[in-house]
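I opened my notebook to write down what I looked up in this structure. Here it is, entry by entry.

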Amino acid sequence: SSIKATTALSGGKVTDDDGASISARGVCWSLSANPTIADNITSDGTGLGAFSSSMTGLTSGSTCHVRAYATNDAGPSYGAELTFVPGVLFVDIDASGINNGNGWTNAFNDLQDALATADDGCEIWVSEGSYTPTSGADRKISFNMKDGVGIYGCFSGTETARAQRDMQTETCLSGDIGSGGNISDNSYHIV
């Protein structure tokens, strides 16, 4: 959660110790799959229960692999691996996940949500489709760009690097908010 350009908040919950006390817990992450405690880690206490982690030093724009860990006398155990791209928010009008912007599956459906969330230094990757500044009829609503935030289109919704996008894939910011094709009820300004 709360993914920024070089930091992210994460965490986990240790529910079983297999009969030996948990001596360390936290999250581990890497740019490669299956991170271990030999990679980057947080140290978030001991014992059973939930914990929060603050990951720092992330590489903006590169896929980060993360998973929770817990260590006892038997060695480390790991939770399920998750991936995200620090500093990038995703927008896909057809995404069906939890719509928090953290990856294509969970992309925001609305560009306005990504703009509201983005911080200086972030990028917004927008998948193919047509995006309007409002789902309503208020012609005064437009997309308000933010300083320091890059917005990039032409994604199909599977890319892991900006260089993978196809310029033949169309992403459109449209002011056609009323009746399709009727210019008398469009947005006054798109941006």
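Before placing anything, I noted how elements are named: helices (H or I, at least four residues) and strands (E, at least two) are DSSP runs, numbered from the N terminus. The model is predicted, so I kept its rules in mind: local features need pLDDT of at least 70, side-chain atom pairs count only at pLDDT 80 or more, and totals for chains, interfaces and linings use all residues. Residues are numbered from 1 along each chain as its sequence is written, and side-chain values use heavy atoms, with hydrogens and water left out.

**Entry: Y188**

I looked up Y188 and found it in the segment after β12. What does Y188 touch, leaving aside its neighbours within four places in sequence? Contact means heavy atoms within 4.5 Å, and on that basis I got R139 and K140. Y188 and R139 sit 49 residues apart in sequence, yet their C-alpha atoms are 5.6 Å apart in space.

**Entry: salt bridges**

Side chains of opposite charge can pair when their charged atoms come close. The rule I used: a side-chain nitrogen of Lys or Arg within 4 Å of a carboxyl oxygen of Asp or Glu. How many salt bridges does that rule give? I got two.

One joins the side chains of K4 and D119, at 2.5 Å from N to O. This pair links distant parts of the chain, 115 residues apart: K4 is in the segment before β1, and D119 is in the loop between α1 (111-117) and β9 (123-127). Next I checked how covered they are (buried means under 20% relative accessible area, exposed over 50%, partly exposed in between, with a 1.4 Å probe and protein chains only). K4 is partly exposed at 30%, and D119 is partly exposed at 29%.

I also wrote down E123 with R162, whose closest N and O atoms are 2.7 Å apart. E123 lies in strand β9 and R162 in the loop between β11 (150-155) and β12, so this bridge ties together parts 39 residues apart in sequence. E123 is buried, with 18% relative accessible area, while R162 counts as partly exposed at 32%.

**Entry: positive phi**

Most residues other than glycine have a negative phi. I noted D18, which is not a glycine but has a positive phi of about 50°. D18 is in the loop between β1 (8-14) and β2 (24-30), and at 67% relative accessible area D18 is exposed. I noted N34 too, also not a glycine, with a positive phi of about 60°. N34 is in the loop between β2 and β3 (40-41).

**Entry: nonpolar patch**

Patches are made of residues with over 30% relative accessible area and no salt bridge; like charges are joined within 9 Å, nonpolar side chains (Val, Leu, Ile, Met, Phe, Trp, Tyr) within 5 Å. Accessible areas come from the Shrake-Rupley method with a 1.4 Å probe; for residues, only the protein chains shown count as cover. Which residues make the nonpolar surface patch of about 310 Å²? I listed M145, L173, I190 and V191. L173 is in strand β12 (residues 171-173) and is partly exposed at 32%.

**Entry: G75**

Is G75 buried or exposed? G75 counts as buried, at 19% relative accessibility, and lies in strand β6 (residues 75-78).
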